[in-house]
Amino acid sequence: MERSVVGIDIGTQQILVLVGAIGEQGEVRIVGVGRIPSRGIKKGVVVNVAQATEAISEAVDLAEQSSGYQIERAYVGVTGVHITSRNSTGVVGVSRRDHGIGPDDVDRVLEAAGAIILPQNQELIHILPRTYTVDGQEGVRDPLAMHGFRLEVEAHVVMGSSTALQNLRKCVLGAGVQISELVLSSLASGHSILTDNEREMGVVLVDIGDGTTDIAIFIEGAVWHTKSLPMGGEYITSDIAIGLRLPSQAAEQVKISHGYAVANQVAEDERFTISPYGEGSPVPIARWKLAEIIQARSEEILENVQQEIKRSSYDGLLPAGLVLCGGTAQMPGMRDLARSIFELPVQIGIPRGITGLIDRVSGPDAAVAVGLVKWTPTLEEGGGWRTVRTSFVGRATGWLRNLLP
Ligand SMILES: Nc1ncnc2c1ncn2[C@@H]1O[C@H](COP(=O)(O)OP(=O)(O)OP(=O)(O)O)[C@@H](O)[C@H]1O
Ligand SMILES: [Mg+2]
């Protein structure tokens, strides 16, 4: 029988709810989509509980209508500058040596890696294993069933502000949906757009949304570094609004219709018309001028990403380069701009491995929601970079079906 999984991506600009039917082989068919403009969210974080709850509820209703399912439970993406992360280690003695290392040992060692002194008002979100060591033998990917006395792990630990997480939970619960798990957005998007090979070789996922830019570095199949920067497409829009003297909605429209991220790739004579403040009638404007505004801000965002990658000190370990996603990755020219800054291969990532209503979720801005819908099967298969939800992380609710048809 098919299981169903729901993913909810609560972004600064849009809320996207997807319902996926999971086949016997783990294949994902998108059977419901609810997409609406976001409210009550700033830079990826809830700033108005009532508005955000209402908006989530509307998006959930739409997804229910389009799928005919009743949504009870969902994986929910989480982002924002309140998210912090660090690498940590854990060590335990193997409990039943004659049987080899069991799932309990793995849980315990991850729990040990997560037993760090949490900054005040912070909660753990993920403890992601990078590599295990069994009795001194390093580089073990999957220690299950191996024989040994001592199990060590190097893990990437992701934390977030309790206040921000509580507000997010409140909104989702207020919309009548239980939370299976909060998932860091960049992990979800990495899950939907990166290939195993890219993750193995070393790749940076960069989700440039509206209010945030989320970065996740994957090396040797695991997550080594994550960061959420408080910048994105809304900055580009506000620069256009100021530069061309337009109301922000008009600036957003101009950005989507005429935007380009590399000014010197735009023909000099290309023009479009706008209606700026203080002008009685529409005026023509050169497209390269718009592109200059966009390029300046896009460069700044990408340079911040570059600094963060350097700060991680993994910058030399990324032969698969960058994969961009998020709505702002749809800007024409963005790939070329990123390529010139990073001098690495750059791709625009689109969600893969899904069937069903794919025309509605085929863009890079659906990466998080698709990754959330695909979250369970890979975890169950032990896809090499799993999140472990122990009692320590809390809120474990099992891998049960999210919905009733
Ligand atoms: N074709 C396009 N060209 C340029 N920018 C675009 C295009 N389409 C969407 N965008 C921009 O993408 C951004 C929205 O992206 P996305 O839906 O990924 O953000 P979000 O998830 O709502 O926000 P965040 O993740 O930052 O909280 C907006 O700034 C929007 O203007
Ligand atoms: Mg987003």
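**Buried contacts and the ligand site in the predicted model**

At 7% relative accessibility, Thr 237 counts as buried (buried means under 20% relative accessible area, exposed over 50%, and partly exposed in between, with a 1.4 Å probe and protein chains only). The structure is a predicted model, in which local features need pLDDT of at least 70 and side-chain atom pairs count only at pLDDT 80 or more, whereas totals for chains, interfaces and linings use all residues. Residues are numbered from 1 along each chain as its sequence is written, chains are lettered from A and ligands numbered from 1 in the order in which they are written, and side-chain values use heavy atoms, with hydrogens and water left out.

Thr 237 belongs to helix H6, which covers residues 233-244 (helices, H or I with at least four residues, and strands, E with at least two, are DSSP runs numbered from the N terminus). The side chain of Thr 237 makes a polar contact of 2.9 Å with the side chain of Lys 255 (a polar contact is a pair of N or O atoms within 3.5 Å; within protein, one must be able to donate a hydrogen and the other to accept it, and residues adjacent in sequence count only if both atoms are side-chain atoms).

Lys 255 is also among the closest of the 20 residues that surround ligand 1, together with Thr 12, Gln 13, Asp 210 and Glu 252 (the criterion being a heavy atom within 4 Å). An oxygen atom of ligand 1 lies 2.7 Å from a polar backbone atom of Gln 13, and an oxygen atom of the ligand is 2.5 Å from an N or O atom in the side chain of Asp 210. A nitrogen atom of ligand 1 is placed 3.1 Å from an N or O atom in the side chain of Gln 330. Taken alone, ligand 1 exposes 650 Å², of which the protein buries 91% (areas by the Shrake-Rupley method with a 1.4 Å probe).

The model contains 1 aromatic pair (rings of Phe, Tyr and Trp, the last by its six-membered ring, pair if their centres lie within 6.5 Å; planes under 30 degrees apart count as stacked, over 60 as edge-to-face and the rest as tilted). Trp 224 and Tyr 314 form this edge-to-face pair, with 5.1 Å centre to centre and 70 degrees between the planes. Trp 224 lies in strand S15 (residues 222-229) and Tyr 314 in the loop between helix H8 (287-312) and strand S18 (322-325), 90 residues apart. Both Trp 224 and Tyr 314 are buried.
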